[in-house]
Amino acid sequence: MSKYSPTHYQRGYIEVWDFIEDQDLDYFLGNVIKYVCRAGYKPDEHMLEDLKKAKTYLAIVIVLSLLPIKNLGKYIEIPMQKAAKMICEGANRLNGSMSFN
């Protein structure tokens, strides 16, 4: 185990980040996979916390899939922080409370 490859990501035949890369998943879906795979295995962290994180990222994926355009901040002239806030407000309707700093 190392700081860059902890045991809670090495339980199967392939490390989680290798699976995420192999499947060509984006940041949000990659985090869903990461948190589901490590749920209950990270020392000093309850399984439910990782599942809540996965749920948050999945809610963001759902909201983004409902938007008519991709890369919201790139095509609309608004700051990325405001775009992130808009995405989180939409995800809150699906997921409950969350934040995006």
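## Close-up views of a predicted model

View 1. Leu66 lies in helix H3. The model shown here is predicted. Is Leu66 buried or exposed? Leu66 has a relative accessible area of 63%. The cut-off for exposed is over 50%, so Leu66 is exposed. Now look at the patch on the surface. Leu29, Leu58, Ile62 and Leu66 form this nonpolar patch. Together they have about 340 Å² of accessible area. Which helix gives the most to the patch? Helix H3 does, with three residues.

**View 2. The largest nonpolar core.** How many residues make up the largest nonpolar core? Seven residues do: Phe28, Val32, Tyr35, Ala54, Tyr57, Ile60 and Val61. Two or more residues come from each of H2 and H3. The most come from H3, which gives four. Pick out Ala54. Leaving aside residues up to four places away in sequence, Ala54 touches Val32, Tyr35 and Val36. Val32 and Tyr35 are also members of the core.

**View 3. Arg38 and Asp50, a salt bridge between two helices.** The side chains of Arg38 and Asp50 form a salt bridge, with N and O 2.9 Å apart. Arg38 belongs to helix H2 and Asp50 to helix H3, so this pair ties together parts that are 12 residues apart in sequence. Are these two residues buried or exposed? Both Asp50 and Arg38 are buried. For Arg38 the relative accessible area is 5%. The cut-off for buried is under 20%, so Arg38 counts as buried.

**View 4. Glu45 and its salt bridges.** Glu45 forms a salt bridge with Arg38. The closest N and O atoms of this pair are 3.4 Å apart. The side chain of Glu45 also meets Lys53 in a salt bridge, at 3.0 Å from N to O. How accessible are the residues here? Glu45 has 21% relative accessibility and counts as partly exposed. Lys53 is partly exposed too, with a relative accessible area of 29%. Arg38 is buried, at 5%.

**View 5. The salt-bridge network.** Step back to take in the whole set. How many salt bridges does the structure hold? It holds four. Which residues are linked in a network of salt bridges? They are Arg38, Lys42, Glu45, Asp50 and Lys53. Find Arg38 in this view. Arg38 pairs with Glu45 and with Asp50.

**View 6. Asp24, a loop residue with positive phi.** Most residues other than glycine have a negative phi. Asp24 has a positive phi of about 55°, although it is not a glycine. Where does Asp24 sit? Asp24 is in the loop between helix H1 (16–22) and helix H2 (27–38). Its relative accessible area is 69%, so Asp24 is exposed.

View 7. Asp44 is not a glycine, yet it has a positive phi of about 65°. Is Asp44 buried or exposed? At 88% relative accessibility, Asp44 is exposed.

How values were computed:
Residues are numbered from 1 along each chain as its sequence is written. This is a predicted model: local features need pLDDT of at least 70, side-chain atom pairs count only at pLDDT 80 or more; totals for chains, interfaces and linings use all residues. Side-chain values use heavy atoms; hydrogens and water are left out. Buried means under 20% relative accessible area, exposed over 50%, partly exposed in between (1.4 Å probe, protein chains only). A nonpolar core is a set of buried Ala, Val, Leu, Ile, Met, Phe, Trp, Tyr and Cys residues joined through side-chain atoms within 4.5 Å. Contact means heavy atoms within 4.5 Å. Patches are made of residues with over 30% relative accessible area and no salt bridge: like charges are joined within 9 Å, nonpolar side chains (Val, Leu, Ile, Met, Phe, Trp, Tyr) within 5 Å. Accessible areas come from the Shrake-Rupley method with a 1.4 Å probe; for residues, only the protein chains shown count as cover.
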